[in-house]
Amino acid sequence: MKLTILGSGCPSVDLERHGPSALIDCGKGAKILIDCGSGVTQRLLEHGVTGKEIDALLLTHLHSDHIVDLFQLIISSWHQGRSQPQKIYGPRGTQVYVDQLMKLWKPELEQRIAHEQRSSTKALEVEVTEIENGTEIKFGEMEIKAVEVMHEPVKHAFGFVFETKNEKAVISGDTKYCPTLIEAAKKADVLLHEVFIHDEMPVSVGLRTAKTLENVASYHTLDSVVGKVASEAKVRCLMLTHFAPPKFDREKLLSTVSTDFKGPVLIGEDLMTLDLERNSLSWKKMQISFGTHD
Ligand SMILES: [Zn+2]
Ligand SMILES: [Zn+2]
């Protein structure tokens, strides 16, 4: 199983950290995209994957930073030769969201379909399955389980557990400290977790008030807490993503998180891949092997 971060950012625009998205690749029949934040299709292409190859899209929740490029994904996949409907799994409300999105673009799409005369329009069909806490989905040898996380006032927010015979990866989605997620992530090979870096977000006139900060921090996991999450879940490795803000002092973050979690902490980057089968990490030209399993 390979886990690739496609976008490690948050709603703030950043050139190095695009909107939240990740890819779990378990080979043929099990290429799963998680969220589709801003820039996801460009990052997929950089990673060498087209929308034609995606077997399913899982949505953690319906916050705009996680779904803003959904229509772009649908259209670009069609232009890349996709001839299968899009399969989307998401929280309650996903069906309505998709219906409204497709309705909004209907006149443009009808004109485009009639004018472009492509061989198939199957890629423009969307099959939505709404998930609940504990929903299980199987793709090839991989089992996926939805875990309801705590992102109030957003209702119906999820993390996901991906398991094969020998590997387990867990993605937090957006959440504050969440005991259900910790339980579900027990002994995972990797926990990809969001982080809110409190000290890097001062009050700023015209931008954010003290109340803004208090409220935003209240539904995310602080840098001072995410190490505890990994430690309590006893995961082999903690990989951080969804950095708010996207620019921060890396050394300070590592030192804060490592106070509670003694295992490897990876500061995620767009297009960083963790290969659980080979036990290796790659990013740009860098490749690190963590040795072989016993
Ligand atoms: Zn969110
Ligand atoms: Zn988010």
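Predicted model: local features only at pLDDT ≥ 70, side-chain atom pairs only at ≥ 80, totals over all residues.
Hi everyone, thanks for coming. Let's begin with the metals.

Which residues hold the zinc ion that is ligand 1? Its protein donors are H61 through NE2, H63 through ND1, H151 through NE2 and D174 through OD, and they lie 2.1 to 2.4 Å from the ion. If you like to read such sites off the sequence, the spacing to look for is H-x1-H-x87-H-x22-D. Two of these histidines are worth a look for their surroundings. H61 is buried, because its relative accessibility is 0%. H63, at 23%, counts as partly exposed.

Now, what about the geometry around ligand 1? The 4 donor atoms subtend angles of 93 to 156°, so the arrangement is classed as irregular. A tetrahedral label would need all angles to lie between 85 and 135 degrees. For reference, the ideal angle for four tetrahedral donors is 109.5 degrees. Please keep in mind that water is not among the atoms, so sites may look incomplete.

The zinc ion that is ligand 2 is coordinated by D65 (OD), H66 (NE2), D174 (OD) and H242 (NE2), at 2.1 to 2.2 Å. Here the donors follow the spacing D-H-x107-D-x67-H. The angles around ligand 2 run from 89 to 166°, which makes this arrangement irregular too.

D65 and D174 bring together distant parts of the chain, 109 residues apart. D65 sits in helix α2, residues 64–67, while D174 belongs to the loop between β10 (168–171) and α5 (179–184). Both of these aspartates are buried.

Let me finish with a residue from another part of the model, S289. This serine lies in strand β16, which covers residues 286–289. Is S289 buried or exposed? With a relative accessible area of 55%, S289 is exposed, since the cut-off for that word is over 50%. Leaving aside residues up to four places away in sequence, S289 touches N279 and S280. A polar atom of the S289 side chain also lies 3.1 Å from the backbone nitrogen of G291.

Technical notes. Residues numbered from 1 in each chain as written. Chains lettered and ligands numbered in written order. Heavy atoms only, no water. Helix = DSSP H or I, 4+ residues; strand = E, 2+ residues; numbered from the N terminus. Buried < 20%, exposed > 50% of the residue type's maximum accessible area, 1.4 Å probe, protein only. Contact = heavy atoms within 4.5 Å. Polar contact = N/O pair within 3.5 Å; in protein donor to acceptor, adjacent residues only side chain to side chain. Donors = N, O, S within 2.8 Å, 3.2 Å for Na, K, Ca; no water. Tetrahedral: all angles 85-135°; square planar, octahedral: opposite > 155°, others 65-115°.
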